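Please consult the sequence and the model shown below.

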Number of protein chains: 2
Amino acid sequence: MVNTKPYVIGIDMGGTNTVFGIVDARGVVLTSDSIKTRKHNNIEDYIDELYTECMRLIRSIDAEGKIYGIGVGAPNANYFTGMIEDGVNLPWPTPIPFAQLLSEKFGIPVAITNDANAAAIGEMTYGAARGLKDFIMITLGTGVGSGIVINGQLVYGHDGFAGELGHVIVKRNNGRLCGCGRAGCLETYCSATGVARSAREFLEVRSEPSTLRDLPIDAITSKDVYDAAMAGDKMAKDIFEYTGTILGEALADFTAFSSPEAFVIFGGLAKSGELLMRPIRTAMEKNMLSIYKGKVKVLLSELKEADAAVLGASALGWEAKAPAVQQVAPSTAAPAAPQA
Amino acid sequence: MVNTKPYVIGIDMGGTNTVFGIVDARGVVLTSDSIKTRKHNNIEDYIDELYTECMRLIRSIDAEGKIYGIGVGAPNANYFTGMIEDGVNLPWPTPIPFAQLLSEKFGIPVAITNDANAAAIGEMTYGAARGLKDFIMITLGTGVGSGIVINGQLVYGHDGFAGELGHVIVKRNNGRLCGCGRAGCLETYCSATGVARSAREFLEVRSEPSTLRDLPIDAITSKDVYDAAMAGDKMAKDIFEYTGTILGEALADFTAFSSPEAFVIFGGLAKSGELLMRPIRTAMEKNMLSIYKGKVKVLLSELKEADAAVLGASALGWEAKAPAVQQVAPSTAAPAAPQA
């Protein structure tokens, strides 16, 4: 069967920017752009602008009538219900029936999921996890997200909210306060924000010299720590060691759950490369139950940073069904993309 | 199609006893018996005795030629390979090609998995998890085991070793030494053995009176602690509170992985009932990410204690394939048992 609709729209809604692009079945982002998520006080105006901008892109590549579906990665988006259930970083009241609103506006099927799940689908379809049936995507950005794939299927759980590994407690006593209202969550240590928090802690608790002391302490970012570490600063290197060790210990525990073939590390902090990957691998191996030792890879995402979020969301677009069936159980996560 | 072989053999191999029974498609254990696992110095003699005893049972109910397959729950048994890969509590050198040896002896297909997975399959087929597609079985015995079911399928992981939740680290610093060679594993606190260890710790560290002080400290069992708690002993009740709290905190973390509809608690310690279940539920709810609160049940196993292990293993027997295909990827975990 020839698919006469060879494109999907991928939308990555972040707390600041919403990035969108038109993607073909090979995973090529033909054109993309972005709007400011917080510009509009109500969701309808936001969707109007998104529609206008997407239609402009569609016309620019002569793709009118050729869009199969829309895939969206958004914070706390639920694959089963099509709702954004609790958007702490979004300016609109939740829950938002986002898949329905978008589908009504565009007149094509929409599938939504949270951003980390979208990244996992993208990685499985186009990236480092091609061919893997059991892997866990770990996204290191402002927070820590995860997308879990078992036996080739994305794990949604009974309510669509599986895979919140950034909120596993890694420090039970006296842990750092988390945006979720609890304390000691993995993401308070291993996100980009967590690295910056570690820097502030290290600078206060330790007395040794560091080039990080030249910066205003409250403005230090993970990028500053990275730059200092690459320039040889001992404390900055220790901060990455500390971060990677906590993450590696957590990955060892996650392995006891689903025994994945690999973890795929994605997101802004993943750009730190071996500075972070080496302590992750070391701590993971050291803390693993013996039956798992030497078996589990830790890979860096192979998706291009600029395209990754849109690509991941777009891969979900091939799965999108008409709105009436949004609430049925999930099919296999691997998208039924037409092959060229 | 009429299935002319209406029975399966369920075998539960423990470190001390091996229990086996003939089970029909409704999950009725028609007859069962046991042998001592450690009686034989080599595995062939053990299998010979197992064969002799099973054949005796089969003849006693006129079931010759009517056995569809054999299901086995055994420590560290691998569903994919049919091997017992590392039998720390067994008297024979590992790995043992147990499915193959048994299948050659009996002349019928054999499927094996670890004891906790067998229990999960049994619970899904005949017990508290009937109708659930997403649940986690937690077995509290000498150790802590787990069987994870996601979307109706048992999770084996890429190597067959998924679901070792008893070896998730719950105390990162100064944790109790575990039989696995590491420290701080969940099972060092929340198994029957863990409860006895807690009793010894409490008795040494605290000065308050307790009826547990009348017992020789090194011989205290979880049963002693249970009896004391039921008789109103404050320290014994505190020990169950401590145990249940640690387990509940762990269940809150496990929820962030697969968002199950329920945890099913099974095994000797589960007989403690509300003494253990109340602090489990309280700590789980208190420590959960808000999106999961109030959604996840903690259930006691509904399988009869005496039959449970054999029933769980037997349910796997309906899945057994000829030995030549033991290494293929798993089919759906729910057994294709003939329905009466």
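How many residues of chain B are in contact with chain A? The answer is 36 residues of chain B, which meet 36 residues of chain A, where contact means heavy atoms within 4.5 Å. The model is predicted: local features need pLDDT of at least 70 and side-chain atom pairs pLDDT 80 or more, whereas totals for chains, interfaces and linings use all residues. Residues are numbered from 1 along each chain as its sequence is written, chains are lettered from A and ligands numbered from 1 in the order in which they are written, and side-chain values use heavy atoms, with hydrogens and water left out.

**Symmetry and interface**

- Chain B superposes on chain A by a rotation of 180 degrees with 0.0 Å of shift along the axis, at an RMSD of 0.0 Å (least squares on C-alpha atoms of residues with pLDDT of at least 70 in both copies).
- This is the relation of a two-fold axis, and the same surface serves both copies, as 100% of the contact residues of chain B recur in chain A.
- The two chains bury about 3,500 Å² between them, 57% of it on carbon and sulfur atoms (accessible area, 1.4 Å probe, lost on being put together and summed over both parts).
- In chain B, the residues that lose the most area to chain A are B:His158, B:Arg172 and B:Phe257, together 22% of what that side buries.
- The interface holds 6 salt bridges (a side-chain nitrogen of Lys or Arg within 4 Å of a carboxyl oxygen of Asp or Glu); A:Lys295 forms a salt bridge with B:Asp159, with the closest N and O atoms 2.8 Å apart.

**Aromatic pairs**

- Over all chains there are 23 aromatic pairs (ring centres of Phe, Tyr or the six-membered ring of Trp within 6.5 Å; planes under 30 degrees apart are stacked, over 60 edge-to-face, the rest tilted).
- A:Tyr51 and A:Phe106 pair edge-to-face, at 4.9 Å between centres and 80 degrees between planes.
- This pair links helix 1 (residues 43-60) of chain A, which holds A:Tyr51, to helix 2 (residues 98-106) of chain A, which holds A:Phe106, across 55 residues (helices are DSSP runs of H or I, at least four residues, numbered from the N terminus).
- A:Tyr51 is partly exposed at 25% relative accessible area, while A:Phe106 is buried at 13% (buried is under 20%, exposed over 50%, partly exposed in between; 1.4 Å probe, protein chains only).
- Ring pairs also join A:Phe254, A:Phe257, B:Phe254 and B:Phe257 into a cluster.

**Charges over rings**

- A:Lys105 lies over the face of A:Tyr51, 5.3 Å from the ring centre (NZ of Lys or CZ of Arg within 6 Å of the centre and within 35 degrees of the ring normal).
- In chain B, the charged end of B:Lys105 sits over the ring of B:Tyr51, 5.3 Å from its centre.

How values were computed: Helix = DSSP H or I, 4+ residues; strand = E, 2+ residues; numbered from the N terminus.
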